[in-house]
Amino acid sequence: IRYESAQFLISAAKLSQCPPETGYEVAFAGRSNAGKSSAINTLTHNKKLARTSKTPGRTQLLNFFDLGNSRFLVDLPGYGYAKVPAHMKIQWQKHMEEYLSERQSLRGLVLVMDCRHPLQNFDIMMLEWATESDMPLHIIMTKSDKLKKGPASKQLLMVKKELQQYGENVTVQLFSSLKRDGLTILKNTLNSWLAE
Ligand code: GTP
Ligand code: MG
């Protein structure tokens with residue numbers, strides 16, 4: 001799969017606006033500001049593909065990126081943006097649940113967590129959902145450039161231990177969009193999900 005050739009396809013506010021479910025896709029989920037859009041840009045070698053921001057809540061829609069050959073990446077809106085009004089949070093949850101539970105072409109989830117603040121409530125919810133629905137889930141503990149090597153590996157080990165209870169469908173790695181660390185592992189995981 002040539003991630004570098006990714007192109008923006010469409011933004012959808014809800015499932016009914018998503019492209020037809022003909023191909024395979026991988027969605028990037030995680031808390032607001034965790035680094036989902038940055039990870040997509042790193043993966044595709046395209047700094048301008050997915051909009052990133054210092055302000056949490058940048059990505060409000062499901063953004064689809066076309067990899068060719070009916071393969072897609074999906075940038076999901078971040079969870080937990082405090083300034084979003086309650087009624088919008090409820091809408092967000094409804095649309096996310098609908099997408100996750102009904103999307104036939106969804107092949108796997110990349111759960112993006114800041115390596116300094118792993119396994120928050122939202123992350124646990126996603127883990128439990130993925131396990132129950134047999135959806136492969138790969139965690140990237142991103143912003144690893146913010147920690148020294150020792151503390152970073154310690155965080156990884158701690159998370160790995162916590163993940164044992166979720167079984168073999170859940171994997172985890174350190175990642176840095178800034179340093180492009182962990183890119184090969186991420187690509188290999190996505191390749192295996194998006195292959196025929
Ligand atoms: P929402 O769209 O609001 O849900 O956020 P997001 O998860 O898409 O986060 P985004 O990619 O916009 O990144 C948020 C902030 O973190 C930006 O200021 C990025 O530059 C920064 N950031 C993302 N990844 C990394 C990383 O690996 N290292 C460092 N140092 N900063 C990062
Ligand atoms: Mg984003």
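## A parallel pair

Strand E2 (residues 24-30) runs parallel to strand E4 (residues 71-75), and five bridges join them. Ala27 has Val74 of E4 as its bridge partner. Two strands count as paired if DSSP finds at least two bridges between them. Strands (E, at least two residues) and helices (H or I, at least four) are DSSP runs, numbered from the N terminus.

This is a predicted model, in which local features need pLDDT of at least 70 and side-chain atom pairs count only at pLDDT 80 or more, while totals for chains, interfaces and linings use all residues. Residues are numbered from 1 along each chain as its sequence is written, and chains are lettered from A and ligands numbered from 1 in the order in which they are written.

## The whole sheet

Seven strands make up an open sheet of mixed pairing, ordered E1-E3-E4-E2-E5-E6-E7. Strand E1 (7-12) and strand E7 (170-174) are at the edges with a single partner strand each, so one side of each has no neighbour in the sheet.

Five of the seven residues of strand E3 (residues 62-68) are buried, so E3 is largely enclosed by the rest of the structure. Buried means that 20 or more other C-beta atoms, placed from the backbone, lie within 10 Å of the residue's own.

E3 pairs with E1 in the antiparallel sense over five bridges, and Ala12 has Leu62 of E3 as its bridge partner. E3 is also antiparallel to E4, again over five bridges, with Phe64 opposite Val74 in E4. Two residues separate E3 and E4 in a hairpin, and Asn69 in the turn has a positive phi of about 55°.

Conventions
A residue is buried if 20 or more other C-beta atoms lie within 10 Å of its own, exposed if 12 or fewer, and partly exposed in between; C-beta atoms are placed from the backbone.
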